[in-house]
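Please open the model in your viewer and keep the selection tool at hand. The tour below goes from one selection to the next and says what is found at each stop.

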Amino acid sequence: QGDYGEAVRLGRGCAMATTYDDAFASIRRASELMDEALAEDGERRRARIRVAFYQLYQAANLAAMIAPGFAMEQAMRSEDYAAFSDVLFRRYFKEELYPVDDAREVFDRWAQRVRRFVERLSAQSKLAVHDSATEDEAAY
């Protein structure tokens, strides 16, 4: 229970993303949390590692949630999102089966994958807005 309380405390101030820039900021915050974790020992280190991985999941999840309908559906059914949910959220956060010895290397690989996922959704959303505007112009 104490580890969970620490995880919740460390996660405070991580506001829900309302734009893709907020999702990218969550990725940066996750990296900062990992840096802090690696400077710690014991339970504080473990709690911060856990929250850093969870913050990556949150960035991906929030990006998916703000995507336009079709992009959200595709994102939620993607292999990437399934991996984020299964590994970052379920295994690393809920079950606390996260890497400790090679945490930075594993984290960096996941962070890169999450960043690409958010970039892809951001690009799809921009196309959707552009296409929608073009259709509206054609109607007039």
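A crossing of two helices is called left-handed if the near helix is turned anticlockwise from the far one by less than a right angle, and right-handed if it is turned clockwise. With that in mind, and remembering that this is a predicted model, begin by selecting helices H3 and H5, where H3 passes H5 in a left-handed crossing. The two helices pack at an angle of about 150 degrees, and their axes are 9 Å apart. Since angles over 145 degrees count as roughly antiparallel, H3 and H5 are therefore roughly antiparallel to each other. To see the residues at this contact, show the side chains of Arg50, Phe53, Tyr54, Leu56, Tyr57, Ala60, Asn61 and Ala64 in H3, which meet Tyr81, Phe84, Ser85, Leu88, Phe89, Tyr92 and Phe93 in H5.

Now show the whole chain as a cartoon. There are six helices and zero strands in the chain, and buried residues make up 41% of its 140 residues. Among the contacts with a separation of 6 or more, 77% are between residues 24 or more positions apart.

Which residues have the most contacts inside the largest nonpolar core? That core has 37 residues, and the ones to select are Phe53, Leu56, Leu88, Trp110, Val114 and Leu121. Helices H2 (20-38), H3 (42-66), H4 (69-77), H5 (79-94) and H6 (103-139) are the elements that give two or more residues to this core, and H3 gives the most, with 10 residues. In soluble globular proteins, nonpolar side chains tend to be buried together.

Keep Leu56 selected and display what surrounds it. Apart from neighbours within four places in sequence, Leu56 is in contact with Ile27, Ala30, Leu88, Phe107, Trp110, Ala111 and Val114.

From the core, move on to the charged side chains. Side chains of opposite charge can pair when their charged atoms come close. A search of the whole structure finds 12 salt bridges, one of which joins the side chains of Glu36 and Arg48, with N and O 2.5 Å apart. Because Glu36 lies in helix H2 and Arg48 in helix H3, this pair ties together parts that are 12 residues apart in sequence. Are these two partners buried or exposed? Glu36 counts as partly exposed, at 30% relative accessibility, whereas Arg48 is buried, with a relative accessible area of 8%.

For another pair, select Glu95 and Arg90, which form a salt bridge with the closest N and O atoms 2.6 Å apart. At 40% relative accessibility Glu95 counts as partly exposed, and Arg90 is partly exposed as well, with a relative accessible area of 33%.

As a last stop, select Ile66, which has its place in helix H3 and is partly exposed, with a relative accessible area of 29%.

Conventions:
Residues numbered from 1 in each chain as written. Predicted model: local features only at pLDDT ≥ 70, side-chain atom pairs only at ≥ 80, totals over all residues. Heavy atoms only, no water. Core = buried A, V, L, I, M, F, W, Y, C linked by side-chain atoms within 4.5 Å. Buried < 20%, exposed > 50% of the residue type's maximum accessible area, 1.4 Å probe, protein only. Helix = DSSP H or I, 4+ residues; strand = E, 2+ residues; numbered from the N terminus. Contact = heavy atoms within 4.5 Å. Salt bridge = Lys/Arg side-chain N within 4 Å of Asp/Glu carboxyl O. Axes fitted to C-alpha atoms, helices over the stretch in contact; angles between N-to-C directions. Parallel < 35°, antiparallel > 145°, perpendicular 65-115°, else oblique.
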